[in-house]
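Here is a short walk through one protein model. Begin with a single residue and its neighbours, then step back to the whole chain.

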Amino acid sequence: MEYNKEIKNRLRRIEGQVKGVLSMMEQGKDCKSVVAQLSAARNAIDRAIAVIVSTNLENCLRESMEKGEKTEHLVKEAVELLVKSR
């Protein structure tokens, strides 16, 4: 699978969020603020996972349908990936 620019940009923003959390820790920010930023980073990671899985599923479905293959296993695999990521 080729990862597009949008997905890579999402991950760069997450990287920035994590660096921001480290900076907050070095500045001695309070626990509540640090945890809030970590939670925001975790939510961004969850969204990135969803985008990656859905994009991959779309591509796999398209290829399988063009070949006349069944697609049920692809959907099941995508759901399993999402469940495992939680």
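S64 touches E69, K70, T71 and L74, leaving aside residues up to four places away in sequence. Contact here means heavy atoms within 4.5 Å. S64 sits in helix α2, which covers residues 31-66. The relative accessibility of S64 is 7%, so S64 counts as buried. Buried means under 20% relative accessible area, exposed means over 50%, and partly exposed lies in between, with a 1.4 Å probe and protein chains only.

This is a predicted model, in which local features need pLDDT of at least 70 and side-chain atom pairs count only at pLDDT 80 or more, while totals for chains, interfaces and linings use all residues. Residues are numbered from 1 along each chain as its sequence is written, and side-chain values use heavy atoms, with hydrogens and water left out.

Now the whole chain. It has 3 helices and 0 strands, in the order α-α-α along the sequence. The radius of gyration is 17 Å, well over the 12 Å that the globule rule gives for 86 residues, so the chain is more spread out than a compact globule. That radius is taken over C-alpha atoms, and the rule is 2.2 Å times the number of residues to the power 0.38. Helices are DSSP runs of H or I with at least four residues, strands are runs of E with at least two, and both are numbered from the N terminus.

Along the principal axes, the C-alpha atoms fill a box of roughly 60 × 25 × 10 Å. Of the 86 residues, 16% count as buried.
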